[in-house]
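Try each one yourself before you read the solution.

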Amino acid sequence: MIIATDMPEVSKCAATQCAYNADDACHARAITIGDGADPDCDTFFTNSKHTRSSRTAGVGACKMEDCKFNDDFECSAESIQVGHTGKSNNCLSYTH
Ligand code: SF4
Ligand code: SF4
């Protein structure tokens with residue numbers, strides 16, 4: 001069974017080294033934001049191959065309970081962007 005669900009779009013991602021990244025965009029089906037206390041992309045991983053998908057990723061889950069867009073451990077923003085802050089790849093829409 002295919003589960004249909006509405007998710008905020010990942011409109012851009014600057015982590016070009018991530019296996020889900022192509023053309024500065026994320027093509028995972030859904031990502032999870034939140035890694036410990038930081039709004040990092042928890043789906044990030046590197047691989048010699050990159051995805052062949054052209055779909056636009058959604059935010060499937062977010063652990064950043066202290067973000068103003070977080071509602072019941074999910075993101076309620078219209079869309080988010082992921083980018084670099086220091087060495088990590090995190091949600092640039094995170095608003096404490
Ligand atoms: S949003 Fe996360 S999973 Fe998607 S390309 Fe960026 S770092 Fe990778
Ligand atoms: S905007 Fe806030 S709630 Fe949405 S993914 Fe980013 S950190 Fe999580």
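**Exercise 1. Find which residues Asn 21 is in contact with, leaving aside neighbours within four places in sequence.**

Solution. Step one: with contact taken as heavy atoms within 4.5 Å, Asn 21 meets Cys 13, Ala 14, Ala 15, Thr 16, His 27, His 50 and Thr 51 once those within four places in sequence are set aside. Step three: check burial, using relative accessible area under 20% for buried, over 50% for exposed and partly exposed in between (1.4 Å probe, protein chains only). Asn 21 comes out at 4%, so it's buried.

Before going on, some ground rules: this is a predicted model, where local features need pLDDT of at least 70 and side-chain atom pairs count only at pLDDT 80 or more, while totals for chains, interfaces and linings use all residues. Residues are numbered from 1 along each chain as its sequence is written, chains are lettered from A and ligands numbered from 1 in the order written, and side-chain values use heavy atoms, with hydrogens and water left out.

**Exercise 2. Which backbone nitrogen does the side chain of Asn 21 reach, and what is the phi of that residue?**

Solution. Step one: the Asn 21 side chain gets to the backbone nitrogen of Asp 24 at 3.4 Å. Step two: Asp 24 isn't a glycine, yet its phi is positive, about 60°. Step three: Asp 24 lies in the loop between strand E2 (21-22) and strand E3 (25-26), and is partly exposed at 40% relative accessibility.

Now do the Asp 72 case. Its phi is near 60°, again positive in a residue other than glycine. Asp 72 is in the loop between strand E7 (70-71) and strand E8 (74-75), and at 63% relative accessible area it's exposed.

**Exercise 3. Is Asn 89 buried or exposed, and which side chain does it join in a polar contact?**

Solution. Step one: Asn 89 belongs to strand E10 (residues 88-91), and its 7% relative accessibility makes it buried. Step two: its side chain and that of His 84 form a polar contact of 2.9 Å; that term means a pair of N or O atoms within 3.5 Å, and within protein one must be able to donate a hydrogen and the other to accept it, with residues adjacent in sequence counting only if both atoms are side-chain atoms. Step three: beyond four places in sequence, Asn 89 touches residues including Ala 15, Cys 41, Phe 44 and Val 82.

**Exercise 4. List what surrounds ligand 1.**

Solution. Step one: collect residues with a heavy atom within 4 Å. Among them are Ala 15, Asn 21, Cys 41, Phe 44 and Val 82. Step two: sort by class, and you get nine nonpolar, two polar and no charged residues. Here Ala, Val, Leu, Ile, Met, Phe, Trp, Tyr, Cys and Pro are nonpolar, Asp, Glu, Lys and Arg charged, and the others, Gly among them, polar.

**Exercise 5. How many helices and strands does the protein chain have?**

Solution. The tally is zero helices and ten strands. Buried residues account for 35% of the 96 residues.

Note on methods. Helices (H or I, at least four residues) and strands (E, at least two) are DSSP runs, numbered from the N terminus.
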